[in-house]
Every structure is written in structure tokens, then in C-alpha cells.
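Colleague: I would like to learn how to read a model of protein with DNA. Could you take me through it, one feature at a time?

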There are 2 protein chains.
Amino acid sequence: MKFSKKSEYGLRALLELCETYGGRVLQRHEIAERQNIPVEFLEQILLALKRAGLLASRRGIRGGYSLIKSPEEITLGQVIRILDGPLAPISCVSRTAYQKCSDCPYATKASCPLQEAMGEVRDAIANILDHYTLSRFALSKQAEGSYAHHKRS
Amino acid sequence: MKFSKKSEYGLRALLELCETYGGRVLQRHEIAERQNIPVEFLEQILLALKRAGLLASRRGIRGGYSLIKSPEEITLGQVIRILDGPLAPISCVSRTAYQKCSDCPYATKASCPLQEAMGEVRDAIANILDHYTLSRFALSKQAEGSYAHHKRS
DNA sequence: GATTTTGTCTAGTGAGTTGCTCAAGAATTC
DNA sequence: GAATTCTTGAGCAACTCACTAGACAAAATC
């Protein structure tokens with residue numbers, strides 16, 4: 001019941017990209033160094049986020065990545081689903097990737113105990129993550145002292 | 001972000017054991033057949049639940065497994081932790097198996113954005129599963145028609 | 001237009017986990 | 001003591017995770 005490193009790295013990378021939102025682009029190695037992420041692995045993550053429409057990129061000598069949606073519009077739920085797949089703890093309660101369980105004796109019945117319980121869990125997780133915006137997420141970063149920024153200074 | 005088959009099978013097995021709670025024992029193959037679970041795999045699960053103190057077993061010709069705690073006292077959270085490990089989506093927010101993240105640049109800082117978000121998720125999951133008793137869980141089973149029981153008839 | 005600097009794409013890989021199987025042994029009952 | 005059941009431990013194929021490597025494509029600069 002864990003999120004993968006992919007999601008973790010992805011979210012940490014977006015933390016950096018939030019900061020330069022509207023401004024300059026960030027290169028893979030900048031993000032990788034600041035967030036302590038293996039650069040080639042990070043690349044795959046950034047590309048996935050790009051394909052999903054969150055990031056834009058430019059190649060060449062002044063290239064890099066940048067956010068193309070406002071941090072207010074992006075939720076942690078979106079990001080995690082892109083990188084880790086559906087949030088649901090079992091696939092028969094997934095809204096985004098439903099799959100009927102093949103071996104469960106309740107599959108054909110009106111109600112399934114597991115579905116009921118796991119449905120609640122799914123809803124709780126989605127409820128938090130689909131309302132947790134990147135901008136709120138990035139706030140916690142500014143809280144700590146040694147990284148202090150002058151916003152738009 | 002999925003629960004394993006182990007947890008799923010374990011919970012489904014307990015569904016059967018709830019029904020005979022206080023009465024007769026159930027043998028592996030009975031549970032396996034009714035719940036459509038590979039018997040040798042189920043065995044490992046039952047033994048884990050036994051070691052954790054939820055089940056008792058008797059060997060020999062009239063042997064089998066039985067619940068030794070009341071379904072009111074057992075929560076889904078307990079069962080899942082036994083079979084799947086901690087509920088926390090990342091280990092740096094686990095209450096039962098905390099581990100400081102080694103590579104995260106916020107590990108030494110006062111606050112970590114990821115920890116804050118994932119802490120909320122952890123709490124939500126634990127809040128549901130640690131209050132979801134087996135007796136409530138088993139209720140959904142009785143709801144469906146073709147399995148109708150006369151309780152203590 | 002050639003070189004350098006970036007991103008893009010595909011494939012591979014070692015370690016670990018999942019989901020299950022097998023076989024030998026120990027307790028219990030009849 | 002024979003049959004039946006749980007107990008233990010090992011084994012294993014398939015898959016996933018977290019990276020790594022390398023060839024390629026575009027953009028900027030000289």
C-alpha cells in the first residue's frame with residue numbers, strides 16, 4: 001500500500017517547477033540536483049508529465065522544462081494517477097480503471113463486503129488528493145527557513 | 001497503491017470464520033472452496049493470522065481454524081497490517097513503521113511538503129480501516145440474497 | 001553548417017516482491 | 001497405528017520497481 005518513487009520524485013520535481021512557473025525553464029539536471037533524484041530516471045517522469053499535458057519542454061542549448069498549467073489547477077491526485085496509476089486500493093472499486101474481479105465469489109452478487117470497505121477508502125484518498133493543489137503543496141516548502149525566497153523579487 | 005491478494009484473501013477468509021465464530025472450526029479447504037482461494041496460499045495467510053493472535057487452530061482429524069477474538073474487536077486495519085505491512089503511503093509518515101527518508105532534501109528540514117500531504121492520506125486511511133470492524137464487514141455479506149442465513153437457527 | 005547542448009525514445013537490467021506450489025514433518029483423532 | 005489435518009520451510013515463475021544506457025532529434029550558438 002505504498003506510492004512509488006516515481007510519484008514521489010514527480011511531486012518533488014513539480015515543487016521546483018512551481019517556483020519558476022511563468023518564468024524561466026528548468027533543466028533536468030537542475031531539478032535532479034536540487035531534489036536529489038537520479039537524472040535519467042527523472043527524465044522519464046518529466047516526459048510522462050509532459051505527455052499528460054502538465055509540462056512543456058524545449059530542446060537545445062537553452063532548453064528545459066516548464067509548467068504550462070497553473071499550480072492552482074493541478075492536484076496531487078492527477079499527478080499520482082499519471083505516474084502510479086489509479087488510486088483505488090483494489091481495482092474493483094476504481095472509478096478511473098474499474099475491473100471486475102474474476103475470482104471473487106461476490107462478483108456476481110448485489111453487494112461485496114470488500115467493495116464496500118475499499119470503496120470508502122478509495123473515496124477518502126481521492127477526496128484528499130483530488131483537492132490538494134500544487135500551490136498548496138508548494139506552500140509547505142516555503143515554510144522552512146533555509147530555503148527562504150523573496151517571491152517575485 | 002494497491003492492497004495485495006494476501007490482504008484480500010485474508011479478509012475474505014475471515015468473513016467465513018466470522019460466521020462460525022463461537023461454533024465449529026473451519027478447515028482450510030472449506031474456506032478455500034467457498035471463497036475461491038488457492039488452498040496452499042490460503043494456508044500461509046491463516047498461519048500469519050494465527051501468529052498474530054486472531055485465530056486458533058487444531059490439528060488432526062477434527063481440526064481446523066477458528067476466530068478467537070470477537071469480530072467486534074478486530075478491525076480491517078489490524079488484518080491488513082498483519083498481511084500487508086503498514087498502511088502509510090510513504091514510510092516517512094508511518095506511525096507503525098516510521099523510517100526517515102534518506103534521499104529527500106527535506107528530511108533535515110522542519111517541514112516536508114510530501115510528509116504533510118501523505119500524512120493526511122495516512123490518517124484518512126487509518127481512520128477508516130482502524131474503525132471498520134469485522135462484524136460490520138460481515139454485515140454486507142448477509143445483505144445479498146443467495147447466501148441468506150438464519151442466524152443461530 | 002557544424003558543433004554543442006539540450007530533450008526524446010526505446011530497450012535493458014538487477015534486485016526485490018507477489019502469488020503460488022511442493023514436500024516433509026508433527027499433532028490429533030479414531 | 002493409520003488417517004487426517006495443521007506446520008514449516010523451501011522453491012519458483014512472473015512481474016514490478018528503480019534505475020541505466022545509448023542512439024537519436026531539435027535548437028542555439030559559433
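**Cysteines, symmetry and DNA**

Modeller: The sulfur of B:Cys101 lies 3.7 Å from the closest cysteine sulfur, that of B:Cys92, which is too far for a bond. Please keep in mind that this is a predicted model, in which local features need pLDDT of at least 70 and side-chain atom pairs count only at pLDDT 80 or more, while totals for chains, interfaces and linings use all residues. Residues are numbered from 1 along each chain as its sequence is written, chains are lettered from A and ligands numbered from 1 in the order in which they are written, and side-chain values use heavy atoms, with hydrogens and water left out.

Colleague: How many disulfides does a search of the whole structure find?

Modeller: A disulfide is a covalent bond between the sulfur atoms of two cysteines. Here the term is applied to a pair of cysteine sulfur atoms within 2.5 Å, and the search over all chains finds zero. For B:Cys18, the closest cysteine sulfur is in A:Cys112, 14 Å away and so too far for a bond.

Colleague: Is B:Cys101 buried or exposed?

Modeller: Buried means under 20% relative accessible area, exposed over 50%, and partly exposed in between, using a 1.4 Å probe and protein chains only. B:Cys101 has 17% relative accessibility and therefore counts as buried, and B:Cys18, at 12%, counts as buried too.

Colleague: What rotation superposes chain A on chain B?

Modeller: Two copies of a chain are related by a rotation about an axis and a shift along it. In this model the rotation is 180° with 0.0 Å of shift along its axis, and the RMSD is 0.1 Å, the copies being superposed by least squares on the C-alpha atoms of residues with pLDDT of at least 70 in both. That is the relation of a two-fold axis, and in chain A the C-alpha nearest the axis, at 2.5 Å, belongs to A:Met1. Of the interface residues of chain A, 100% are also interface residues in chain B, so the copies meet through the same surface.

Colleague: Which residues come nearest to DNA strand C?

Modeller: A residue is near a strand if one of its heavy atoms lies within 4 Å of it. There are 26 residues around DNA strand C, and A:Glu43, A:Leu47, A:Lys50, A:Ser57 and B:Gln44 come nearest. α3(A) gives the most to this surface, with five residues, where a helix is a DSSP run of H or I with at least four residues and a strand is an E run of at least two, numbered from the N terminus. Of the atoms of DNA strand C within 4 Å of the protein, 74% belong to sugar or phosphate and the rest to bases.

Notes:
Contact means heavy atoms within 4.5 Å.
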